[in-house]
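Below are some notes for a colleague coming to this structure for the first time. They take a few helices in turn and then the chain as a whole.

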Amino acid sequence: MKQTNFAVIGLGGIGTFLLNMVGRYVNSLGPPMRTFLLIDGDKYEAKNIMRQDFTGMGSKAAVKGDELSEKFPDLDFEIFGQYINDENIDILDKSEVIFLCVDNHKTRKLISDYCRRKRADVLLISGGNELEHGNVQVYLRKNNKDITPSLTSYHPEIENPVDKSPHEMSCEELSKSEPQLLFTNASVATIMTWALHNYSKENFEEKGLSEIYFDINSMKADSKVRKPKTEN
């Protein structure tokens with residue numbers, strides 16, 4: 001893999017599993033040094049111990065950055081301890097690969113729109129889940145052209161979100177969360193690494209793969225081939 005700058009948005013149940021896998025893989029490649037931008041405005045608390053991987057309490061971005069710097073010395077970790085929004089989104093401008101590990105559609109739309117309107121070349125890998133099932137979307141742009149569909153193309157719930165992004169929520173709203181299962185979070189993170197592997201092999205341009213659905217109860221994963229739609 002060539003010199004690549006990564007961004008990971010959301011360091012919860014999905015993001016922490018993802019970083020351990022991708023960090024270990026990229027660190028093993030050796031020089032040149034690659035940068036990971038860690039983005040999350042949340043704090044790690046004891047209540048999350050069942051499904052999130054942290055070595056201490058406090059800012060998720062700072063705690064995870066310190067931990068990974070020791071574990072993977074050939075990587076550079078930059079910390080951004082804020083929720084991503086339309087005022088700070090330009091921090092992503094130098095990241096060629098963006099992993100989106102959030103649990104709200106408003107942020108998904110924000111990042112998808114940013115990639116389509118402001119980036120000529122970018123890979124966006126977005127993962128999300130309910131309790132026992134989930135999906136991973138892959139949005140690839142090269143030379144100002146969509147190679148795979150944006151996150152909003154086949155998902156009206158993302159194109160027209162009715163939820164809030166974290167920076168718009170009160171402390172009370174942020175403290176509430178839907179039940180999550182460690183195994184489902186880990187499954188999403190693993191499939192997101194599949195996407196990175198296929199990107200390195202240029203399989204998205206050849207095969208048109210854009211989304212994978214999975215259900216741990218039925219023990220099945222189903223990939224979808226979709227063409228980009230024309231969007232205004």
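1. In this predicted model, helix H2 covers residues 60-71, twelve residues in total. From its first C-alpha to its last, H2 reaches 16 Å, close to the 16 Å expected at 1.5 Å a residue.

2. Which residues of H2 are buried? They are Lys-60, Ala-61, Val-63, Lys-64, Gly-65, Glu-67 and Leu-68. For reading such a list, recall that an α-helix has 3.6 residues a turn, so residues three or four places apart point the same way.

3. H2 packs with helix H1, residues 13-27: their axes come within 11 Å and cross at roughly 25 degrees. Angles under 35 degrees count as roughly parallel, and H1 and H2 are therefore roughly parallel to each other. The crossing of H1 past H2 is right-handed.

4. The contact between these two helices involves Thr-16, Leu-19, Asn-20 and Arg-24 from H1. On the H2 side are Lys-64, Glu-67, Leu-68 and Lys-71. Of these, Lys-64, Glu-67 and Leu-68 are also among the buried residues of H2.

5. H1 also meets helix H6, with axes that come within 8 Å and cross at roughly 45 degrees. That angle makes H1 oblique to H6. H1 passes H6 in a right-handed crossing. From H1, the contact is made by Gly-13, Ile-14, Phe-17, Leu-18, Met-21 and Val-22. H6 contributes Leu-182, Asn-185, Ala-186, Val-188, Ala-189, Thr-190, Met-192, Thr-193 and Leu-196.

6. H6 itself runs over residues 182-200. Its 19 residues should span 27 Å at 1.5 Å a residue, and the end C-alpha atoms are 28 Å apart, which agrees.

7. The buried residues of H6 are Thr-184, Asn-185, Val-188, Ala-189, Ile-191, Met-192, Thr-193, Ala-195, Leu-196 and Asn-198. Just after H6, Glu-202 has a positive phi of about 60 degrees.

8. As for the whole chain, seven helices and eleven strands are present. Of its 232 residues, 48% are buried. The chain exposes about 11,800 Å², and carbon and sulfur atoms supply 51% of that area.

9. How much of the contact in the chain comes from residues 24 or more positions apart? Such pairs account for 67% of the contacts with a separation of 6 or more.

Key:
Residues numbered from 1 in each chain as written. Predicted model: local features only at pLDDT ≥ 70, side-chain atom pairs only at ≥ 80, totals over all residues. Heavy atoms only, no water. Helix = DSSP H or I, 4+ residues; strand = E, 2+ residues; numbered from the N terminus. Buried < 20%, exposed > 50% of the residue type's maximum accessible area, 1.4 Å probe, protein only. Contact = heavy atoms within 4.5 Å. Areas by Shrake-Rupley, 256 points an atom, 1.4 Å probe, with all protein chains shown as cover. Expected span 1.5 Å × (residues − 1). Axes fitted to C-alpha atoms, helices over the stretch in contact; angles between N-to-C directions. Parallel < 35°, antiparallel > 145°, perpendicular 65-115°, else oblique. Left-handed = near helix turned anticlockwise from the far one by under 90°.
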